Amino acid sequence: MSLVMRKGIKWQYFENSVFHVRSWLGNMYKKLDVRHIDGIGIAPRAARSPPTEQCTFFKFKCVFSSASSKPFGPLSHHKDQIIMACAAESAAATEPVYFTDTYLFTYDDASVVKVDKLAEADQYAVITDKTIMHPQGGGQPSDCGDISCTIAGNDVLFQVKQVSKVKDSSEIQHIGSFASGSESNLCPGQKVRMRINEDVRRLHARLHSAGHLLDAAMVRLNVTGLVPSKGYHFADGPYVEYIGNVANEEREEMIARLNEVIAQLITENIATQVSTGQSGERIVNVAGCPCPCGGTHVKSTAEIKSMKVTRMKKNKKNTKVSYNLNED
């Protein structure tokens, strides 16, 4: 949630804290003192600027000394002034339960936040307060599955085809379609059951961890001329792209050495470790190679089962290293 203070016809955004408001006013205008908050209340929607669905307004009584500058135009000639501010309620974040357990395939503790009709025929976006479904991002495709509940004896089924993060938000939306007649029954606050496609989740976890395992193999081989930059962990052609090049005559030997090391790392059955970095970022460590990551991963290198580097290709100043997972 952020605090919004009116400054003439403009609005200044703050953290939701009186301390930050005091600090801002004090820094902007010398000898300005925010004495107290006069009151808290919901303003009429027509009076809200910028408009928000939920907006709590605060009134600050400020005292200006004669030495004060003129922060609010002509009104600053008055010694006492009421400054309107509001706490604009930000969209509720969706808790990414998939962070806690890659193999949590069903979940019964999620509630609907909102249901939006999309422009496409019969397509909706369902946002919940928690989700076990991984959204597409970070080189990993989204999960698929379904969301269901029973309301007044009627079964509601929403089939999720795509999961994505809402732009400029911490919400995660599940995009798909309802079974006939179900959409009118699902509303905010409704408890629902989530189920993801287990086979798809397991495959995505193996593909993503395999990309990290390739990085770990590079480290074990002491390859210093390649720096990982991005990954594509989709089943139709996974790869990791590295900054730096490998001479054409050296690629075949490097591929062979990488495959030997990868096979060894899988045999060693090294546990995947997840931690939090100094800036709060999620760190995933596969085979001793830590990396900021928001994806789903296997519990140990043995669960990747079998992996093979298939090709190295120069891409301008980078090197694209392709791999695949051998079939069980």
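Keep in mind as you read that the model is predicted. Its largest pocket has a volume of about 610 Å³, and helix α2 gives the largest share of the lining, six residues. Elsewhere you will find a closed barrel of six strands and an open sheet of four strands.

**The largest pocket**

- Rolling a probe the size of a water molecule over the atoms shows where empty space is left.
- The largest pocket found here has a volume of about 610 Å³, and 36 residues line it.
- If you want to find its centre on screen, look for H208, H212, C291, P292 and C293, the lining residues closest to that point.
- Sorted by class, the lining holds 17 nonpolar, 15 polar and four charged residues.

**Helix α2**

- At the start of α2, N197 places a side-chain oxygen within 3.1 Å of the backbone nitrogen of D199.
- After the helix comes N222, with a positive phi near 60°.
- An α-helix has 3.6 residues a turn, so residues three or four places apart point the same way.

**The barrel**

- Six strands close the barrel in the order β7-β8-β12-β11-β10-β13, and their pairing is antiparallel.
- From one strand to the next, the twist averages 45°.
- One of the pairings joins β8 (residues 124–128) to β12 (residues 172–178), antiparallel and over four bridges.
- In β12, Q173 is the residue that stands opposite I127.

**The open sheet**

- Strands of a sheet pair through backbone hydrogen bonds, either parallel or antiparallel.
- Here the strand order is β14-β15-β20-β19, with antiparallel pairing.
- The edges are formed by β14 and β19 (307–315); each has a single partner strand, so one side of each is left without a neighbour in the sheet.
- Ignoring direction, neighbouring strands of this sheet are turned by 25° against each other on average.
- In a regular strand the side chains alternate between the two faces of the sheet.

- β14 and β15 are antiparallel partners over five bridges.
- Y232 sits opposite Y239 of β15, while G231 sits opposite V240 of β15.
- Six residues lie between the strands of this hairpin, and G237 takes a positive phi near 150°.
- β19 pairs with β20 (residues 318–325) in the antiparallel sense over eight bridges.
- Across this second pair, K313 faces K320 of β20 as its opposite residue.
- The hairpin of β19 and β20 has two residues between its strands, and K316 in the turn shows a positive phi of about 60°.

Conventions. Residues numbered from 1 in each chain as written. Predicted model: local features only at pLDDT ≥ 70, side-chain atom pairs only at ≥ 80, totals over all residues. Heavy atoms only, no water. 1 Å grid on protein atoms, 1.4 Å probe; cavity = no way out; pocket = protein on both sides within 12 Å on 5 of 7 lines; lining within 4 Å. Points joined across faces, edges and corners; volume = space filled by probe spheres on them. Nonpolar A, V, L, I, M, F, W, Y, C, P; charged D, E, K, R; others polar. Pairing = 2+ DSSP bridges. Axes fitted to C-alpha atoms, helices over the stretch in contact; angles between N-to-C directions. Polar contact = N/O pair within 3.5 Å; in protein donor to acceptor, adjacent residues only side chain to side chain.
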